Amino acid sequence: MQADPPSPQVDELELAAGLARIRTMMRMFDVPRDLSITALSTLANLERLGPRRLTELAVIEGVTQPAMTQLVSKLEREALAERRPDPEDGRVVLVCLTRHGRDELARRRTAQAKRLAELVAELPEADRAAIAAALPALDRLTSRALGGGA
């Protein structure tokens with residue numbers, strides 16, 4: 001059996017700084033800015049993880065439970081999320097993404113993808129190939145960070 005080739009050294013600080021710049025760039029693409037980063041993250045987590053308790057969402061987003069309660073109320077007013085009783089325990093309330101919330105996430109992602117594609121198209125072919133080659137590793141990295149294993 002053949003061993004994997006040695007991996008290149010990665011400067012952790014440089015990697016963290018580079019990924020932070022990408023996060024900042026993607027946030028800049030999120031126009032209009034009518035929703036906070038936490039609101040968008042909460043909606044994305046509801047889409048990815050499914051219905052969650054307020055307390056779980058607060059932990060995931062790193063905010064207090066009262067702050068999450070206010071945020072969910074705002075998302076409800078905008079018909080992006082709703083509270084429903086837990087089918088397994090009627091005393092528990094779950095926050096769920098609405099169809100409108102799912103559509104809003106898709107609309108924003110489409111706009112971001114268009115802006116990103118315009119920028120990527122301006123890069124040399126070698127850079128575009130390097131970005132494409134890095135995507136599977138980035139998927140595995142984010143999956144591990146979000147608790148998906150890999």
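**Ground rules.** I worked on a predicted model, where local features need pLDDT of at least 70 and side-chain atom pairs count only at pLDDT 80 or more, while totals for chains, interfaces and linings use all residues. Residues are numbered from 1 along each chain as its sequence is written, and side-chain values use heavy atoms, with hydrogens and water left out.

**Entry 1: salt bridge count.** I took a salt bridge to be a side-chain nitrogen of Lys or Arg within 4 Å of a carboxyl oxygen of Asp or Glu. By this rule I get twelve salt bridges.

**Entry 2: Arg 108 and Asp 34.** I looked up Arg 108 and found a salt bridge to Asp 34, with 2.4 Å between the closest N and O atoms. Arg 108 sits in helix H5 (residues 99–121) and Asp 34 in the loop between helix H1 (12–28) and helix H2 (37–49), so the pair ties together parts that are 74 residues apart in sequence. Helices here are DSSP runs (H or I, at least four residues), numbered from the N terminus.

For accessibility I used these classes: buried is under 20% relative accessible area, exposed is over 50%, and partly exposed is in between (1.4 Å probe, protein chains only). Arg 108 is buried at 5%, whereas Asp 34 is partly exposed at 43%.

**Entry 3: Glu 104 and the network.** I then checked Glu 104, which forms a salt bridge with Arg 108 at 2.8 Å between the closest N and O atoms. Glu 104 and Arg 108 are four residues apart in helix H5, which means about one helical turn separates them. Salt bridges that share partners join Asp 34, Glu 104, Arg 107 and Arg 108 into one network. Both Glu 104 and Arg 108 are buried.

**Entry 4: Arg 91 and Asp 89.** I noted a salt bridge between Arg 91 and Asp 89, the closest N and O atoms being 3.0 Å apart. Arg 91 is exposed, with a relative accessible area of 75%.

**Entry 5: nonpolar patch.** For patches I required residues with over 30% relative accessible area and no salt bridge, nonpolar side chains (Val, Leu, Ile, Met, Phe, Trp, Tyr) being joined within 5 Å. Areas come from the Shrake-Rupley method with a 1.4 Å probe. I found a nonpolar surface patch of about 630 Å², made by Val 10, Leu 15, Leu 19, Ile 22, Ile 131, Leu 135, Leu 138 and Leu 141. H1 and helix H6 (125–145) each supply at least two of its residues, and H6 gives the largest share, four residues. I checked Leu 15, which lies in helix H1 and is partly exposed at 41% relative accessibility.

Terms used: Patch = residues over 30% accessible without salt bridge, like charges linked within 9 Å, V, L, I, M, F, W, Y side chains within 5 Å.
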